[in-house]
Amino acid sequence: MELPTDDIRFQIELEFIQCLASPSYLNHLAINRYFEDPAFLNYLAYLKYWKRPEYAKYINYPHALTFLDLLDDEKFRQMIAHDSFRDMVHAQQGLHWLHFMNNRTKPRPKPLVMDETPQAKVLADAPTPALSRKASDPTNLAATPRRRLLPRSSKRALFSPDTPAKRKCDLDEEPPMRKAIRRLSMLDDVTETAHTIMEPLRPIFVRSFSEPEALSYASYQPKLPTVPSSKHPDLHVITPTIAHQVLCGDFASVFHGVKVFDCRFEYEYSGGHVVDAMSLASPEAVNDLLFAPALEYSKTTALIFYCEFSAKRAPQMMRHIRKIDRFIHASKYPELHYPEMYLIDGGYKQCFETRLEMCRPPTYTAMDDPAHAEASKNQMHALRQRWKTHESRLCRPGR
């Protein structure tokens, strides 16, 4: 493998370390178990050199360095996997940007006490110099420089209608300090913040503080042999051969059941599909099929998905199901109803070309088939609207 040049490596590492300023990206890394990989943790430790001034000057988002230090804490790496903690951290970032300087204003100097000497009275009663006009001043209103001998508060007190005794008392008092905005500090204490904000998750975190090993989960290993995928690194991808073996019962000792879902359009499904596959093209049907209620042996049931090329529709459906599953088990991470979800590499097209015996009927109708051009256009528009409506409903508070 050809190693990148120093310039390319600098750009890659700079882009990556600035991504660490996003709590959503940290949540993505935690959910996909990058923080359980010792090699990845060593890489984060290596990136500490970006804290040196000669490198830090290139970083546009300085919170990235703060999160780089926080990632040394195992508790923080575990908490950031929860959506509620991620949202809290994001809110803290906004408060930090808004109020960092305001909460660190210096105390005002104590005003000078006006004495009663004749010289002071003359200075106080002196008229204010008039504005002079200069040819070089475009506004023609350049003020003549003058020296202020008394603080503004003391001068204002000289002309107040109150009695001299009261004026002297007011001047002796120290002005009140500016009231700081009450807020949580920027992750000063991750443990205290978690207890304050994450009430639904409190029991598991209370236990983890006294027993750190309670949350040291082992890395999850799928029960089927998978293949690496550059397009979908977050999904378990299997070949059509492995999918055929599962359908033939070669893994009956591992799984209690198998469900195959075809995420293509209706005319594609009617034109040929994998044996025993169910049509699942719309996100609205997910809840009724899988979560109302969950299957009896859900943890040992293999869910296999595919679309025409397994490039867009099937991966989107799998991520949607995983998102619902994570939401249901937010307080029991990393427990899931359906941990065994798989994507067929190459989709139905690859099954048709390499494993024709899986196809019923043994035919293949492409999405862009000219005979179904109008149906393809209408169903694609309807599918996009369903996804848009469904996602907006999920993001709406109180839903």
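Trainee: How many aromatic pairs does a search of the whole structure find?

Mentor: The model is a predicted one, and a search through the whole of it finds 21 aromatic pairs. To read such a pair, consider the distance between ring centres together with the angle between ring planes; planes over 60 degrees apart count as edge-to-face, and those under 30 degrees apart as stacked. F16 and Y25 form an edge-to-face pair, with 6.2 Å from centre to centre and 75° between the planes.

Trainee: Is each of those two residues buried, exposed or partly exposed, and what are the values of F16 and Y25?

Mentor: F16 has a relative accessible area of 14% and is buried. Y25 has a relative accessible area of 25% and is partly exposed. The cut-off needed here is 20%, under which a residue counts as buried.

Trainee: Which class describes the pair of F35 and F40?

Mentor: The pair of F35 and F40 is tilted, with 6.0 Å between the centres and 45° between the planes. Both F35 and F40 are buried.

Trainee: Which residues do ring pairs link into a cluster?

Mentor: The cluster linked by ring pairs consists of F10, F16, Y25, Y34, F35, F40, Y43, Y46, Y49, W50, Y55 and Y58.

Trainee: Let us turn to helix packing. At roughly what angle do the axes of α1 and α3 cross?

Mentor: For a pair of helices, one reads how close the axes come and the angle at which they cross. The axes of α1, residues 6–19, and α3 come within 12 Å and cross at roughly 100°. An angle from 65 to 115 degrees counts as roughly perpendicular, and α1 and α3 are therefore roughly perpendicular to each other.

Trainee: Which residues make the contact, and how do they divide by class?

Mentor: On α1 the contact is made by R9, E13 and F16, and on α3 by F40, Y43, L44 and Y46. By class, this contact has five nonpolar and two charged residues, with no polar ones.

Trainee: How do the axes of α2 and α7 cross?

Mentor: The axes of α2, residues 23–31, and α7, residues 83–99, come within 9 Å and cross at roughly 155°. That angle makes α2 roughly antiparallel to α7, because angles over 145 degrees count as such. The crossing of α2 past α7 is right-handed. P23, S24 and N27 of α2 meet D83, R86, V89, H90 and Q93 of α7 in this contact. Its classes are two nonpolar, four polar and two charged residues.

Trainee: Where does D276 lie, and is D276 buried or exposed?

Mentor: D276 lies in the loop between β3 (273–274) and β4 (277–279). With a relative accessibility of 65%, D276 counts as exposed.

Trainee: How far apart are D234 and I31 in sequence and in space?

Mentor: D234 and I31 are 203 residues apart in sequence, and 9.4 Å apart in space from C-alpha to C-alpha. D234 lies in the loop between α12 (202–210) and β1 (237–238), and is partly exposed at a relative accessible area of 31%. Leaving aside residues up to four places away in sequence, D234 touches N32 and R319.

Trainee: What of the protein as a whole?

Mentor: The protein has 18 helices and seven strands, and buried residues make up 34% of its 399 residues. Of the contacts with a separation of 6 or more, 70% are between residues 24 or more positions apart.

Conventions. Residues numbered from 1 in each chain as written. Predicted model: local features only at pLDDT ≥ 70, side-chain atom pairs only at ≥ 80, totals over all residues. Heavy atoms only, no water. Axes fitted to C-alpha atoms, helices over the stretch in contact; angles between N-to-C directions. Helix = DSSP H or I, 4+ residues; strand = E, 2+ residues; numbered from the N terminus. Parallel < 35°, antiparallel > 145°, perpendicular 65-115°, else oblique. Left-handed = near helix turned anticlockwise from the far one by under 90°. Contact = heavy atoms within 4.5 Å. Nonpolar A, V, L, I, M, F, W, Y, C, P; charged D, E, K, R; others polar. Buried < 20%, exposed > 50% of the residue type's maximum accessible area, 1.4 Å probe, protein only. Phe/Tyr/Trp six-rings, centres within 6.5 Å; stacked < 30°, edge-to-face > 60°.
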